[in-house]
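Please open the model in a viewer and display its chains in separate colours.

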2 protein chains.
Amino acid sequence: MLTSLPSFARLEAELGKLPGIGSKTAARLAFHLLRTSEQDVAALAEALLEMRRKVHFCQRCFHIAEEELCQICRNPVREKQRLCVVQEPQDLLAIERSHSYSGLYHVLHGALSPLDGIGPDDLKISQLLQRLKQESIEEIILATNFTVEGEATALYLARLCKEKGIQVTRLAHGIPSGSDLEYVDAGTVQQAVAGRREF
Amino acid sequence: MLTSLPSFARLEAELGKLPGIGSKTAARLAFHLLRTSEQDVAALAEALLEMRRKVHFCQRCFHIAEEELCQICRNPVREKQRLCVVQEPQDLLAIERSHSYSGLYHVLHGALSPLDGIGPDDLKISQLLQRLKQESIEEIILATNFTVEGEATALYLARLCKEKGIQVTRLAHGIPSGSDLEYVDAGTVQQAVAGRREF
């Protein structure tokens, strides 16, 4: 808090709670907002309240939604026999931006991380198993992150899904587009060599 | 905007208007706020509205204030014969943090910059001249930034104040604390040599 003006200091403190915003950035934002029209500040405040009031998680796939089901679950054109499992809504959005997938999703809201005390019950895994029973899903695409936690989660889910006789696939692991091999880390190169394909 | 959910996209757009916040950061903040309790989001929204409603500029020195005069102008202990001229409220706060000054201030809200079309009438200069008439000020400390615009503003103000027979000083220009001479820019070293003092 840079000032002792109560209402200014309060806004600085509230902004400082946001991720990646330290006290200096909070002060800079507060000074910017002081010079913004009252109407624009009201629009920001209203957008905050409206989003928090209207947005929740889809009851089927746990993506963000304003209605009971999200826009993807409600879309009749999506392929209902394919299910892509991601960690977070942001990951789902990344796949949507690639325009490469037209099936449904399931958002876990995290990944297994025993060190942080995050087990299967902390994720939307029981809800996923429920969906596998109720929906006629033929392929599960595991799109958890390529980190230790994401890989562990993928392994765990693969075992569960294979027991049910469902085809399980994983996003390809390899060299990203536009990269220079020289600068790609050894782990990625190793995965790319092991996963090489007929040309 | 990463999503097509209206209320979420609206918040992303509003956050993206803030300085230094691009579309990715706006999305990250919006996802964070989605996971924040409704109470905490309401506290942020209320802090925004309260700050914008209560905070304005001091009628005398143009620092931020909740009442007609700011906390510094209302403080009877401050030396009334010294006036420190700064570009922005943030600059005033930097001097206050140094605990090295106990006089009054005058915030210009900018610096002369003919290339950007900012002339004396766009700054609080006429109000400063008015104060020089009404208050019994003996010393003006020019604390505008050490940039081309700040230096030009200091020169301009020095001329006006000297005409009125008021002592005009400028913050010392030189090597900052903790610096290694080797890495200080040539302009600063030049100023430090020219402004050397008896030891």
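**The interface of chains A and B**

Chain B and chain A bury about 5100 Å² between them, 69% of it on carbon and sulfur atoms; buried area is the accessible area (1.4 Å probe) that two parts lose on being put together, summed over both. This is a predicted model, in which local features need pLDDT of at least 70 and side-chain atom pairs count only at pLDDT 80 or more, while totals for chains, interfaces and linings use all residues. Residues are numbered from 1 along each chain as its sequence is written, chains are lettered from A and ligands numbered from 1 in the order in which they are written, and side-chain values use heavy atoms, with hydrogens and water left out.

Select both sides of the contact (heavy atoms within 4.5 Å): 53 residues come from chain B and 53 residues from chain A.

Next, select Arg35(A) and Glu88(B), whose side chains meet in a salt bridge at 3.0 Å, N to O. A salt bridge is a side-chain nitrogen of Lys or Arg within 4 Å of a carboxyl oxygen of Asp or Glu. Between chain B and chain A the count is 4 salt bridges.

Then turn to the side of chain B that touches chain A, where the elements giving two or more residues are α1 (6–16), α2 (23–34), α3 (38–54), β2 (64–65) and α5 (89–97) of chain B. Helices (H or I, at least four residues) and strands (E, at least two) are DSSP runs, numbered from the N terminus. With 16 residues, α3(B) gives the most to this side.

Finally, select α1(A) together with α3(B): among the residues that meet there are Phe8(A) and Leu11(A) in α1(A), and Leu44(B) and Met51(B) in α3(B).
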